[in-house]
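Visitor: I would like to go through this structure by question and answer. Please show it first.

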Amino acid sequence: MEPQKLRAKLGELASTSISGNDISSSCLYVSALAVLHAGQYAWISLLIVGVVLFLFRKIYGEVVGALPMNGGAYNALLNTTSKGMASLAAALTLLSYMATAVISANEAMAYLKNIVPHLPVIMATIGLLALFMGLVIIGIGESSKVAIGIFIFHLCSLILLSSFAGIYLFEHGLKVFTENNALPVKHGALPMALFFGFSAAMLGISGFESSANFVEEQKKGVFPKTLRNMWVVVTIFNPLIAFLALAVLPISEIESNSEALLSIMGNQVSGSWLAFLVSIDAVLVLSGAVLTSFVGVSGLVERITLDRILPPFLLKRNKNGSTYRIAIVFFMLCVSILLITEGNLEALAGVYTIAFLSVMALFGIGNILLKVRRKHLPRPERSGWLSLLIAILAVITALIGNIILNPDYLAVFMEYFIPTIALVLVMLNRTALLKLLLRLIRYFLDPVNRFLVKSYKGINKTIDKINDQEFVYFTKKDDVAALNKVLLYIRNNEHTRKLKIVSVFPEGEQATQSFVSDLNVLDREYPEIKVDYIQLHGEFTPVLIKKLSEDWNIPINFMFIGSPSDKFPYPLQELGGVRLII
C-alpha cells in the first residue's frame, strides 16, 4: 500500500462547494419534475423535501461525527454490522456516483449545445469527464478552487433569476399563479399529487451524501457546516424556483420546457440575456456535479480498497498525493456507459434514483445500528429516534413512489446493480472461490500436464498471500466472550490466518493466568486462525498504534478495537483508521 502524502485540509467554503454543486444543480430540473407530478402544489412537495433533509442533517451528523472516516454509508455499516452489508452500500454508492457523473456531464453539454449549435454532445461529454479526471489527479486542493468558483457563480445566478422574477410579479401580479391553481389537481387528489410530487422531488437532495465520502479531507468541525449549508440552499431555492415558475409560466409551458425551465423563466422575466446567463450557469454547475462525483468516488473507493474489497493496485498515489488510478478507472467506466447508451441516459436516471434513495435509507439504518451497537461511542450530536424513523420512512416512501411512477427503472437498475455487486462478492469470497478452483484442478489434473501443475501451485500461492495478511485486536479487559465474538467476526468477514491479540497494561500489571489459559482454549476452537497473545506495558495511544503498525507492517485499518466509551481520551479519527468490531 502506498504511504499517504500529507495533504492540506479543506475549509468550509471548499467542502460546501464540492458537495454543494451536486445538490444545488438539482434546481435545474427538480422544479419541473415536481410540477409534472404535483402540478400547482409542486412548491409544497419541495418544502416537504426540505423538512426530510433537515432530519437527515442530524442523522449524518451523528454517524459521521462518531465515525469520521471516508466511506459514507459503507463506513457506517462496516463499523456496526457485517462487511457484506457494508459492501452492499458501497456498490449502491458507486452506481449512484457513476450515474451522476454521466448524466450531469451529458446534460451540461446539452445545455451548451443551446449556445453552440453544432457541438458534438457525446465527444464534448467525454472531454468534460476527462477534464475533471485531470483536475482530481492534480489534487483535491486545486479542484476545490474550481468548485468554489462554480458554486459562487451558481448562487449569484439563482439570486439574480429570483430577483428579476420577483420584479416581474410586482409589475404583472399573480394572474398566472391564480390560473394555475384553478386547474384540476394532478392524480385526482391532493394527497396523491403531493405523494408523487414528493417522490420525484427527492431527487433534489441527491449529492447530500457526497460530503461524508471525503470527510477525512475536511478540516475539523467543517462537516456539519457543509450539511447545514446544503440544507439551506436546497430548502430556500428549490421551493422558491418552483413557486416563481408557477407564478410566471402556465403549467403546460413548464411541462413542455422541463429540460430548460430556468432558461425559459429567465427569458420570460427579463429577456434573452438572462436566459443566456442561466444556460451558462447550468453548464458550469452541472460540470461541478461531475467534479463532486470524481472527488466522492475517490474517497469511497480508497476506503473500500484499503479494506480489501477492491484490488490494491487502485491505491497507487502520484506526487500530489492523489489516487490517480481510481480517477482513471472511474473515467473509463463512465465513458463506457456513455457509449453503450449512445447518450440516451433516461435509463441511467432510473439507476441513479433507486441507488441514491437506497443509500440514504441504508445510512438511516446505519444510524439505528450505531445507536444500538455503539451506544457508548462518543459523538458530537445525536438524532432523535422519532425523527430518525420518520426520515427512513420518508426515503422508503419516495423509493416506492419512484418505482410506481417508472416501473421499468427497477429492471434497468438490476442490470447495472447485479454485475457491480457480483464483483464485490467475488472479492469478498475470493479465497473460497480459489479453493473451489483448486478442487476442480485436482479433480481433472493430468500429472503430465505441466500447465495445470503450475496453475495449481500459483493458485495455492495466491491463497497463501491473501491469508498471510495479519490482523490485530486490542483488548482492554479479560473478556473471553468478547474475544470469541472477535474471532467469529474475523473468520466470517476477513481473509486471514493470523491474529494478534494485544493487551496494553500499566507498568507492573499483566494478564491473569486464567485469561491466558482461556485464550489457549479459543486458539484451539479456531484452528484456521493462528492466535498470538502479546502483552505490552505503557499507554494505549495513537502513537502506539502507529508504531505497532510500522513495526509489524500491518495497516491500521486491519487493527480492531471494541467500541470505546465517552471516557476514552482520544477521538476515533485520531486513531488513524482503527475499526470497531464489537
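Guide: One definition before we start: rings of Phe, Tyr and Trp, the last by its six-membered ring, pair if their centres lie within 6.5 Å. The model is predicted.

Visitor: Which residues do ring pairs link into a cluster?
Guide: Searching the whole structure gives 14 aromatic pairs. Ring pairs also build a cluster, and its members are Phe 56, Tyr 60, Phe 208 and Phe 363.

Visitor: How many residues apart in sequence are the parts that the pair of Trp 43 and Phe 243 ties together?
Guide: Trp 43 and Phe 243 form an aromatic pair with 5.9 Å centre to centre and 85 degrees between the planes, which is edge-to-face. Trp 43 belongs to helix H3 (residues 42–66) and Phe 243 to helix H10 (residues 223–248), so the parts tied together are 200 residues apart in sequence.

Visitor: Is Trp 273 buried, partly exposed or exposed?
Guide: Trp 273 forms an edge-to-face pair with Phe 164, at 5.4 Å centre to centre and 80 degrees between the planes. Phe 164 lies in helix H7 (residues 140–172) and Trp 273 in helix H13 (residues 272–306). Buried requires under 20% relative accessible area and exposed over 50%. The relative accessibility of Trp 273 is 42%, so Trp 273 is partly exposed.

Visitor: How far from the centre of the ring of Trp 552 is the charged end of Lys 500?
Guide: A charge sits over a ring only if, among other conditions, NZ of Lys or CZ of Arg is within 6 Å of the ring centre. The charged end of Lys 500 sits over the ring of Trp 552, and its distance from the ring centre is 5.0 Å.

Visitor: Which residue is the bridge partner of Phe 505 in E3?
Guide: Strand E2 (residues 498–505) has six of its eight residues buried, so the rest of the structure largely encloses it. E2 and strand E3 (residues 530–537) run parallel and are joined by eight bridges. In E3, Phe 505 has as its bridge partner His 537.

Visitor: What distance does helix H16 reach from its first C-alpha to its last?
Guide: H16 (residues 385–405) has 21 residues. Its buried residues include Leu 388, Ile 392 and Val 395.

Terms used:
Residues are numbered from 1 along each chain as its sequence is written. This is a predicted model: local features need pLDDT of at least 70, side-chain atom pairs count only at pLDDT 80 or more; totals for chains, interfaces and linings use all residues. Side-chain values use heavy atoms; hydrogens and water are left out. Helices (H or I, at least four residues) and strands (E, at least two) are DSSP runs, numbered from the N terminus. The expected span of a helix is 1.5 Å times one less than its number of residues. Buried means under 20% relative accessible area, exposed over 50%, partly exposed in between (1.4 Å probe, protein chains only). Rings of Phe, Tyr and Trp (its six-membered ring) pair if their centres lie within 6.5 Å; planes under 30 degrees apart count as stacked, over 60 as edge-to-face and the rest as tilted. A charge sits over a ring if NZ of Lys or CZ of Arg is within 6 Å of the ring centre and within 35 degrees of the ring normal. Two strands pair if DSSP finds at least two bridges between them.
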